[in-house]
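Here is a short report on one protein chain. Look at the sequence and the structure first, then read on.

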Amino acid sequence: MQLRTIFASIASAMVLAQTAVPSEAEAVRPVVAQAPSNRGEIAGIKVPSGKLAIGAAQLVRQTEDDLLFEHSMRVYYWAALAGKRKGLFFDPELLFVAAMFHDYGLTVGYGESHLRYEVDGANAAREFLLSQGVSEGDRQKVWLAIALHTTNGISPHLHPIASLLAEAANMDLVGAGFEDFSAEQRSAVEAAYPRPPQFADGFLQALYNSLKHRPETTQGTGLADVLAYKDPNFHRRDFSSLMRTSRWVIGH
């Protein structure tokens, strides 16, 4: 995937778009493709309208289908709502970029990658942020947030972008913390970005399609459950067996 070429195209498009000064609503419109007029603010949360948010959404929307893109949008809202509820300080644009790219490694451009898909997405986000002149410290925050968002128990102890991204992804996938969001908040987010009845099956299939060629990257993670569910021939690695049959045990 020629990310730098895509980044350059987006940067050019953004410069052209900025020759006419858009209103705030017009600035949000490219981010929320096919958006009704009420999507600018949802449950008191706005999509950032700066160049990072616009560029990230335009890039991701080029390769993600509706299921992944709208999941990423919902994740941003769950994350921002959780951050507001907890009184956390975070940069909304960096959080939005993290949400946009957190499943980017599942897209077709990584059909031959043998990295963990989370690392693919984290690397793409970091390269995008570098192309936009974002500081190394902020690039690393987003990288860690995306790379660790499926690793339970780590992200809550990092910076707010990491903790909120992991919390929001779990909320949208398995309903973790469902009751922490009011019924009004859930309804507002789902009205703008509906979670279809077939979402679970569709997302599991997207995971499987991306991971079946790199099953080794799922070992020791919850993603191994997905491969075991989809492929009866997949065998999870057993850490206890690895220790009991290592060269230290059976000899040099």
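Which residue forms a salt bridge with aspartate 172? The partner is arginine 74, and the closest N and O atoms are 2.8 Å apart. This pair links distant parts of the chain: aspartate 172 sits in helix 8, arginine 74 in helix 4 (residues 66-86), and 98 residues separate them. A salt bridge here is a side-chain nitrogen of Lys or Arg within 4 Å of a carboxyl oxygen of Asp or Glu.

A word on the source: this is a predicted model, where local features need pLDDT of at least 70, side-chain atom pairs count only at pLDDT 80 or more, and totals for chains, interfaces and linings use all residues. Residues are numbered from 1 along each chain as its sequence is written, and side-chain values use heavy atoms, with hydrogens and water left out.

## The whole chain

The chain has 13 helices and two strands. Both are DSSP runs numbered from the N terminus: helices are H or I with at least four residues, strands are E with at least two. Of the 252 residues, 44% count as buried. Buried means under 20% relative accessible area, exposed means over 50%, and partly exposed lies in between (1.4 Å probe, protein chains only).

Contacts tell us about the fold. A contact means heavy atoms within 4.5 Å. Take the contacts between residues at least 6 apart in sequence: 66% of them join residues at least 24 apart. The accessible surface comes to about 12,800 Å², and carbon and sulfur atoms hold 55% of it. Such areas come from the Shrake-Rupley method with a 1.4 Å probe; for residues, only the protein chains shown count as cover.

## Around aspartate 172

Helix 8 covers residues 160-174 and includes aspartate 172. Is aspartate 172 buried or exposed? Aspartate 172 counts as buried because its relative accessibility is 2%. Arginine 74 is buried too.

The side chain of aspartate 172 also makes a polar contact of 2.7 Å with the side chain of histidine 71. A polar contact is a pair of N or O atoms within 3.5 Å; within protein, one must be able to donate a hydrogen and the other to accept it, and residues adjacent in sequence count only if both atoms are side-chain atoms. Leaving out residues up to four places away in sequence, aspartate 172 touches residues including Val75, Trp78, Arg195 and Phe199.

## Salt bridges

The count comes to seven salt bridges.

| Pair | Distance |
|---|---|
| Aspartate 172 and arginine 74 | 2.8 Å |
| Lysine 86 and glutamate 167 | 2.6 Å |
| Glutamate 118 and arginine 116 | 2.9 Å |

A network of salt bridges links Arg85, Lys86 and Glu167. Lysine 86 is partly exposed, with a relative accessible area of 45%. Glutamate 118 is buried at 1%, whereas arginine 116 is partly exposed at 26%.

## Surface and loop

Phe239, Leu242 and Met243 make a nonpolar surface patch of about 340 Å². Patches are made of residues with over 30% relative accessible area and no salt bridge; like charges are joined within 9 Å, nonpolar side chains (Val, Leu, Ile, Met, Phe, Trp, Tyr) within 5 Å. Phenylalanine 239 lies in helix 12 (residues 239-244). Why does phenylalanine 239 count as exposed? Its relative accessibility is 57%.

Alanine 43 lies in the loop between strand 1 (41-42) and strand 2 (45-46). Alanine 43 is not a glycine, yet has a positive phi of about 50°. At 32% relative accessibility, alanine 43 is partly exposed.
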